[in-house]
Amino acid sequence: MFDLDQTIKDRHSTRKFLPQPVPRALLDEALTLAQLAPSNSNIQPWRLVFAQDGCRDRLQEALLNQAKQQPTVSPLPSAFQHYRQELGAQVYGAMGIARDDKVNRQLAVLHNYEFFGAPVVGIVCMHQDLGFADALSVGMYLQTLVLSLTARGIGTCVEVSLATYPEIIRNELNIPPELLIICGLAVGYPDPDFCANHLHISRESVEKNVLFQGD
């Protein structure tokens, strides 16, 4: 059994992985636990496709080729853009990349499509006919999986950026058209010598996000 509070505190986005393989037994343990996540009407809407070895490498090559030719970043509403800017300042700062260093910032962005060197990458999907409640179930599944992996010493990075090239992923991994591609999940052992892997992103106070009402 693992200390849940400590596991939640230890979880963070890994942005550089070691080439060390992840034992299938550990992945299976975490996946079995994730199946217990809450689910609307017990639909269990999550679908996860893993790529490793040559399949992973071919997916990386296809994504990198497209990202280099046509970089795509999912837009944010103007009222929320400052969160991305603040995140970038923290992450790139830890990597020693200056705000005006456009070349190295662009290279850092491309590491997303290399899965930050992770030996395993998962693609999280959901059937297109399902709705918000089911997307919520997928999110709870993903969090359960990530925490289960964290407890076993395995790093992760949820990669929304991968979903900006759904057709490439669909073609490379034979994902059927009725499945929506929601995000990617890089999985592997964190590189302990990479400074940004020791970065814990600052968060708002609870009061900023939570309101109690009552007499």
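**Cysteines, aromatic pairs and a pocket**

Cys125 is buried, with a relative accessible area of 0%. The model in which this residue sits is predicted. Cys183 is buried as well, at a relative accessible area of 4%. The structure holds 0 disulfides. Cys125 takes part in none, and the nearest cysteine sulfur to its own, that of Cys183, lies 8.8 Å away. A disulfide would need the two sulfur atoms within 2.5 Å.

The aromatic residues come next. A pair of aromatic rings is described by the distance of the centres and the angle of the planes. A search of the whole structure finds 3 aromatic pairs. One of them joins Phe80 and Tyr83, whose ring centres are 6.5 Å apart and whose planes make an angle of 25 degrees. This pair counts as stacked because its angle is under 30 degrees. Phe80 is partly exposed, with a relative accessible area of 47%, and Tyr83 is also partly exposed, at 35%.

Another pair is made by Tyr113 and Tyr165, with ring centres 5.6 Å apart and planes at 70 degrees, so it is edge-to-face. Tyr113 lies in the loop between helix 5 (102-110) and strand 2 (120-127), while Tyr165 lies in the loop between strand 3 (155-159) and helix 7 (166-173). The pair therefore ties together parts that are 52 residues apart in sequence. Are these two tyrosines buried or exposed? Tyr113 has a relative accessibility of 4% and counts as buried. Tyr165 is buried too, with a relative accessible area of 6%. For both residues the value is under 20%, which means that they fall in the buried class.

Two or more lining residues come from each of helix 1 (4-10) and helix 6 (132-151). Which element gives the most to this lining? Helix 6 does, with 5 residues. Sorted by class, the lining of the second largest pocket has 6 nonpolar, 4 polar and 2 charged residues.

Conventions: Residues are numbered from 1 along each chain as its sequence is written. This is a predicted model: local features need pLDDT of at least 70, side-chain atom pairs count only at pLDDT 80 or more; totals for chains, interfaces and linings use all residues. Side-chain values use heavy atoms; hydrogens and water are left out. Buried means under 20% relative accessible area, exposed over 50%, partly exposed in between (1.4 Å probe, protein chains only). Rings of Phe, Tyr and Trp (its six-membered ring) pair if their centres lie within 6.5 Å; planes under 30 degrees apart count as stacked, over 60 as edge-to-face and the rest as tilted. Helices (H or I, at least four residues) and strands (E, at least two) are DSSP runs, numbered from the N terminus. Ala, Val, Leu, Ile, Met, Phe, Trp, Tyr, Cys and Pro count as nonpolar, Asp, Glu, Lys and Arg as charged, and the others, Gly among them, as polar.
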